[in-house]
Amino acid sequence: MNAPAALATQLRWLKFDGELERSFRRYRLRADLPRLRQAIAIAALLLLGYGLVERLCFPLAADSILLRNVWCWPMLAVGGLASLRPSAHHRLALVVTVGLLVFELACVAAIAHSWVAAPSASGQFLPYESLLVMVLFGYFVGCIGLRPTIAVNAVVLLAFMVAELNWQPAAEQRVNHIFFMLAANLIAAASSYFAEKASRATFLATNQLRELAEQDGLTGLNNRRSLGAHLQRLTRLAARERVTLAVIMVDVDHFKRYNDHYGHAAGDEVLRKVAAVLRSHARAPLDMSARYGGEEFVLLCYAPTAAEAAELRVRAEALCADIAALALPHAASPAGIVTASVGLCRRVPRVGARGDTAETMLAHADAALYAAKHGGRGRVVESPED
Amino acid sequence: MLSGMPAQSVPPDIDALESADAAIAPAWFGLGHGNGNGDGSSDTHPYAQALARGHRGLRFPPALEEAFLADREEREIVRLRWSLAIALVLFMVFTVIEIVELPPHVSEATITVRMAVIIPALLLGLVATVWPPLRRHLRGFLVIGGVAVALGAVGVIAAAWSRGFDLPYEGLLLVAIFLYFIGVLGWREGVAINVVQWLAYLPVLALWETEAQQIYRGWSLLGASIAGAACSYFFEYGARTAFLTNGLLQSMAEHDGLTGVLNRRAWQKEASRVVLQAERQDLALIVAMIDVDHFKRYNDTYGHAGGDAVLQSVAAALAGQARRPLDLVARWGGEEFVLLWFAPRTDSVEALGERARKAIADLNIAHTASEWGCVTVSVGLALQAPGTPFEPERLLARADAALYDAKAAGRNRAVVAADDATGTPAGGAP
């Protein structure tokens with residue numbers, strides 16, 4: 001679906017396809033939150049600084065400064081609150097976009113107001129530099145993409161040009177002002193383009209590497225490292241929620257003999273087919289199928305309801321039966337086909353100093369697997385509830 | 001991109017990355033990134049350590065810093081070229097506007113400054129991005145060029161104001177912000193150049209501006225610079241976090257989680273590179289396939305945890321046998337390992353294999369279910385002699401066949417594949 005060339009194009013245009021784009025936006029929202037909060041703090045500093053300096057230098061423009069404050073401070077407050085409330089995060093991009101638009105338009109309105117309202121003999125008009133700096137800064141607030149930022153700033157630029165043409169008292173400054181506003185937009189947009197492209201590239205690289213780091217190369221299942229991390233989380237979660245957790249350990253019977261008899265390439269093929277069976281048995285979102293090492297696999301099942309917990313033994317039996325049902329010939333095994341032994345450990349993990357950990361859960365399943373091997377292979381043995 | 005990475009290293013724990021996404025931002029804004037793993041796993045990977053330490057000061061330890069800077073330069077060079085080109089175009093437009101709009105005695109002075117200082121500095125930067133002799137000192141040239149542009153921009157204002165013409169100073173605001181985002185140049189350099197510009201601007205204000213404008217315009221440049229510095233800080237912090245995170249993930253993707261040696265996928269990539277190099281230089285290669293004897297029995301006797309510990313010890317001992325830069329050690333799967341020696345100094349293949357075998361036997365790990373009483377390995381070796389046709393697949397297959405012979409001959413020994421091509425392929429595949 002996403003060939004490298006297509007991805008490169010999507011990267012250049014700052015827009016991925018479908019689910020990838022949604023996933024990137026979620027990632028950006030999370031990664032940019034601190035940046036947004038900092039941006040709001042800096043915007044507050046700029047607003048305060050400009051307000052004070054302008055009050056000092058141009059006392060007759062006080063009304064215009066007040067106009068700006070009345071609109072800008074609430075926008076900062078709304079943005080700050082939205083960034084702090086996780087429940088508002090799904091609307092955060094919209095809030096930031098609208099907030100930025102109102103904020104910058106208020107800066108334009110204040111300048112226009114001073115041109116219209118201040119007595120022209122005084123010459124105490126609000127300079128437009130505050131707007132210039134805010135516009136530059138507006139490109140870097142975070143949490144929103146370059147496109148909405150450009151749209152917001154295009155509207156602001158248009159509003160500023162209308163104000164310049166209608167109310168600017170010093171006509172000779174129009175060209176300069178508009179030129180500098182255009183240049184500021186160009187510079188900030190270019191910088192922001194490269195920043196967003198870099199952030200998207202990082203997102204892609206991280207995804208890809210994470211997949212590689214968590215997968216087993218041969219079977220595509222999760223590897224032992226990600227199994228360990230996930231089991232640790234599940235054990236803590238199940239203990240806290242008092243929910244049953246199952247560790248199902250699967251070992252291909254007489255695999256050494258299979259390799260010796262059919263060769264390593266054929267052995268790898270068997271592992272892939274067994275892995276596919278495990279993958280099809282990991283159904284719930286928190287379930288995980290993994291290759292534990294060599295010819296050993298693990299299926300983790302998180303069973304939040306009593307009915308699901310009661311079914312776990314049946315699920316382990318079904319897994320064992322499905323591997324035998326592959327009917328892969330194995331001349332060096334007494335069964336004549338490839339079978340697997342299964343050890344099951346299911347329990348509500350106990351808490352406390354002698355409670356269950358990822359390691360003890362695995363050890364119990366391993367002991368049950370050992371019993372299954374010694375009980376004649378190709379069967380399921382459950383670890384006793386001690 | 002990972003030039004600072006050791007060839008073989010302890011694989012980092014995935015938990016070290018748990019909160020790495022959040023760590024794109026520094027900790028003091030609520031989404032902190034402590035190392036996140038309460039189990040106190042010993043994470044010795046330099047990237048993991050750097051990630052755990054944090055980098056609010058935007059600086060890594062020297063070796064890592066060097067790798068980061070090289071990586072950033074590579075990634076941002078295109079951005080830098082675009083930035084410099086845009087700056088050149090904008091300054092040209094300024095020049096044209098000044099020629100048209102300004103009185104000649106003013107434009108003469110301002111354009112002299114532009115042509116003598118700003119344009120050459122930008123051109124120098126642009127040339128340094130493409131011409132190798134200058135490219136080596138790119139960041140140095142950028143700092144010099146940045147200072148020249150910043151001071152030149154102040155000089156243009158001073159030239160106009162001193163001649164009684166109120167030239168707009170807003171260009172300084174653009175220069176201030178721009179310097180933070182041109183690429184390759186870091187936050188530190190951006191701040192330094194901005195401070196220089198602001199300090200140079202103060203006397204110009206003091207000489208030729210009214211008091212009200214001194215305050216307003218002085219503040220304006222400072223405010224723009226602070227805003228730019230804040231944005232730029234976040235970008236660099238994020239870039240550094242991403243550098244560490246991806247470096248760690250890459251290392252995880254290439255190393256076996258249990259033993260820390262290369263995994264099979266990474267082996268295939270690395271080995272093909274080494275083989276090509278040996279072929280080009282016409283040097284010898286030796287491959288060894290190594291299998292832990294009676295490992296199944298060991299697991300049954302001592303449990304899986306004990307078995308894992310054995311694999312870790314064996315991997316560490318084998319890594320000690322192949323430690324020159326182009327040598328490779330990988331876990332082939334289960335209890336099998338593969339070693340590759342690039343241009344070995346010994347001409348006795350057997351001695352090399354025997355040394356590897358002895359290294360494991362010398363670990364003296366008790367194994368009561370083995371006839372040797374301790375953990376041993378069987379070794380199958382194959383030599384690619386210089387001057388013979390290169391067949392990497394056959395090399396591996398021959399080593400595997402030799403391993404099979406070693407097993408058949410009673411284990412705990414090293415066997416060298418026959419030099420002719422009559423050996424059976426790997427594992428006796430049908």
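Modeller: Residues are numbered from 1 along each chain as its sequence is written, and chains are lettered from A in the order in which they are written. In this predicted model, local features need pLDDT of at least 70, side-chain atom pairs count only at pLDDT 80 or more, and totals for chains, interfaces and linings use all residues, while side-chain values use heavy atoms, without hydrogens and water.

Colleague: Why is E209(B) called buried?

Modeller: Buried means under 20% relative accessible area, exposed over 50%, and partly exposed in between, with a 1.4 Å probe and protein chains only. E209(B) has a relative accessible area of 15%, so this residue is buried. E209(B) lies in the loop between α7 (187-208) and α8 (211-254) of chain B; helices are DSSP runs of H or I with at least four residues, strands are runs of E with at least two, and both are numbered from the N terminus.

Colleague: What makes E209(B) and R217(B) a polar contact?

Modeller: A polar contact is a pair of N or O atoms within 3.5 Å; within protein, one must be able to donate a hydrogen and the other to accept it, and residues adjacent in sequence count only if both atoms are side-chain atoms. The two side chains make such a contact at 2.8 Å. Beyond its neighbours within four places in sequence, E209(B) is in contact (heavy atoms within 4.5 Å) with W161(B), D166(B), Q214(B) and R217(B).

Colleague: What makes strand β1 (residues 244-252) of chain A largely enclosed?

Modeller: Nine of the nine residues of β1(A) are buried, so the rest of the structure largely encloses this strand. In a regular strand the side chains alternate between the two faces of the sheet. Both faces of β1(A) are covered: among the buried residues are I248(A) and V250(A) on one side, and L245(A) and M249(A) on the other.

Colleague: How do you know that β1(A) pairs with β3 (residues 296-303) of chain A?

Modeller: Two strands pair if DSSP finds at least two bridges between them. Eight bridges join β1(A) to β3(A), and the two run antiparallel; I248(A) has L299(A) as its bridge partner, and T244(A) has A303(A). With β4 (residues 340-347) of chain A, β1(A) also pairs in the antiparallel sense over eight bridges, and there M249(A) stands opposite G343(A).

Colleague: What makes β2 and β5 of chain A edge strands?

Modeller: The open sheet of five strands has the order β2-β3-β1-β4-β5 (chain A), with mixed pairing. β2 (288-293) and β5 (380-382) each pair on one side only and are the edge strands.

Colleague: Why is the link between D268(A) and R264(B) called a salt bridge?

Modeller: A salt bridge is a side-chain nitrogen of Lys or Arg within 4 Å of a carboxyl oxygen of Asp or Glu. The side chains of D268(A) and R264(B) meet at 3.3 Å, N to O, and form a salt bridge. The count between chain B and chain A is six salt bridges. The largest share of the side of chain B that touches chain A, 20 residues, comes from α8(B).

Colleague: How many residues are in contact between the chains?

Modeller: 65 residues of chain B are in contact with 67 residues of chain A.
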